[in-house]
Amino acid sequence: MSEPTLPDGVERREIDGERRLSTRGEPVYGEPTADGWRAWDPERSKLGGMLELGFETGLAGGETVLYLGAASGTTVSHVADFAGPTYAVEFAPRPARDLLDAAEPRNRLFPLLKDARKPETYAHIVEVNVDAIVQDVATRGQAEVAVRNARFLADDGRLLLAIKARSEDVTAAPEDVFDGALDRLREAYEILETRRLDRFHEDHLGVVATPK
């Protein structure tokens, strides 16, 4: 079976004796490197896990991206290695400092110390009609965050979302959490693909969607 198509700028390279998902750029989190390529660890990245699992992300390379929940920059730094302008929203000051370090050698990565639940606070900065929203927000109301930020997404754009069940309700069954989140998402999005990410991230659901 052929491997899923990866975006331009994302390749499987031989690093430390094995073929690994990788992008070309400065290392950020101690990941192995070889010949300018840095391994993209799917166990530390929900989007990396989605690519490894063969999701049809719609990413081709060069897209304008809004990344919600950028944390210290582990995943968004890989995204900025192959995408176009990449707006990285992070609310917590401590990881945001690490995010600034990740952005230093990346002129396409724009860190924003903002709350993804309040898109009006960065609407004057982020372009409208972005090609993709990548979301990894570990808080209650993850679907609500995606719906509020749909305003930025182009009509044919993609939402690439990882829903963390335990962030919504640690006592509820993950499937019930996912069903509730998908119901909320469907108010603003058409769901194209869903799949559990348990191979890399326990009790997470990967979602690909496009605006209605």
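**Exercise 1: the two sides of H3**

On the face of helix H3 that is turned away from its buried side sit the exposed residues Leu100 and Asp101. Keep in mind that this is a predicted model.

*Task.* Work out which residues of H3 are buried, and what covers them.

*Solution.* 
- Step 1. Take 20% relative accessible area as the cut-off: buried residues fall under it. In H3 that gives Ala96, Leu99, Ala102 and Ala103.
- Step 2. Look down the axis of H3: the buried residues fall within an arc of 105°, so they line one face of the helix.
- Step 3. Recall the general rule: an α-helix has 3.6 residues a turn, so residues three or four places apart point the same way.
- Step 4. Now find the cover. It includes H2, S6 and S7. H3 (residues 93-103) lies across S6 and S7, and runs at about 165° to S7.

**Exercise 2: the seven-stranded sheet**

*Task.* Write down the strand order of the seven-stranded sheet, then say which strands stand at its edges.

*Solution.* 
- Step 1. Reading across the open sheet, the order is S7-S6-S5-S8-S9-S11-S10, with mixed pairing.
- Step 2. S7 (109-113) and S10 stand at the edges; each has a single partner strand, so one side of each is left without a neighbour in the sheet.
- Step 3. Zoom in on one pair. Strand S5 (residues 65-68) runs parallel to strand S6 (residues 86-90), and four bridges link them. Tyr67, for one, has Ala88 in S6 as its bridge partner.

**Exercise 3: packing of H6**

*Task.* Find out which residues of H6 are buried and what they pack against.

*Solution.* 
- Step 1. Start with the helix itself. H6 (residues 174-185) has twelve residues and spans 16 Å from first C-alpha to last, close to the 16 Å expected at 1.5 Å a residue.
- Step 2. Pick out the buried residues: Val177, Phe178, Ala181, Leu182 and Leu185. They fall within an arc of 130° seen down the axis of H6, so they line one face of the helix.
- Step 3. List their packing partners: helices H4 (142-148) and H5 (165-168), plus strands S9 (153-164), S10 (189-196) and S11 (204-211).

**Exercise 4: the four-stranded sheet**

*Task.* Describe the order and pairing of the four-stranded sheet, and name the helix that packs on it.

*Solution.* 
- Step 1. The order is S1-S2-S4-S3 in an open sheet with antiparallel pairing.
- Step 2. S1 (10-15) and S3 (33-34) are the edge strands, each pairing on one side only.
- Step 3. Two bridges join S3 to the antiparallel strand S4 (residues 37-39). Thr33 has Arg38 in S4 as its bridge partner.
- Step 4. The helix is H2 (residues 74-82), which touches S1, S2 (18-24) and S4; its direction makes about 145° with that of S4.

**Exercise 5: Thr210 up close**

*Solution.* 
- Step 1. A polar atom of the Thr210 side chain lies 2.8 Å from the backbone oxygen of Gly157. The side chains of Thr210 and Arg158 are joined by a polar contact of 3.5 Å.
- Step 2. Beyond residues up to four places away in sequence, Thr210 touches several others, including Asp155, Tyr189 and Leu192.

Note on methods:
Residues numbered from 1 in each chain as written. Predicted model: local features only at pLDDT ≥ 70, side-chain atom pairs only at ≥ 80, totals over all residues. Heavy atoms only, no water. Expected span 1.5 Å × (residues − 1). Buried < 20%, exposed > 50% of the residue type's maximum accessible area, 1.4 Å probe, protein only. Arc of directions from axis to C-beta. Contact = heavy atoms within 4.5 Å. Pairing = 2+ DSSP bridges. Axes fitted to C-alpha atoms, helices over the stretch in contact; angles between N-to-C directions. Polar contact = N/O pair within 3.5 Å; in protein donor to acceptor, adjacent residues only side chain to side chain.
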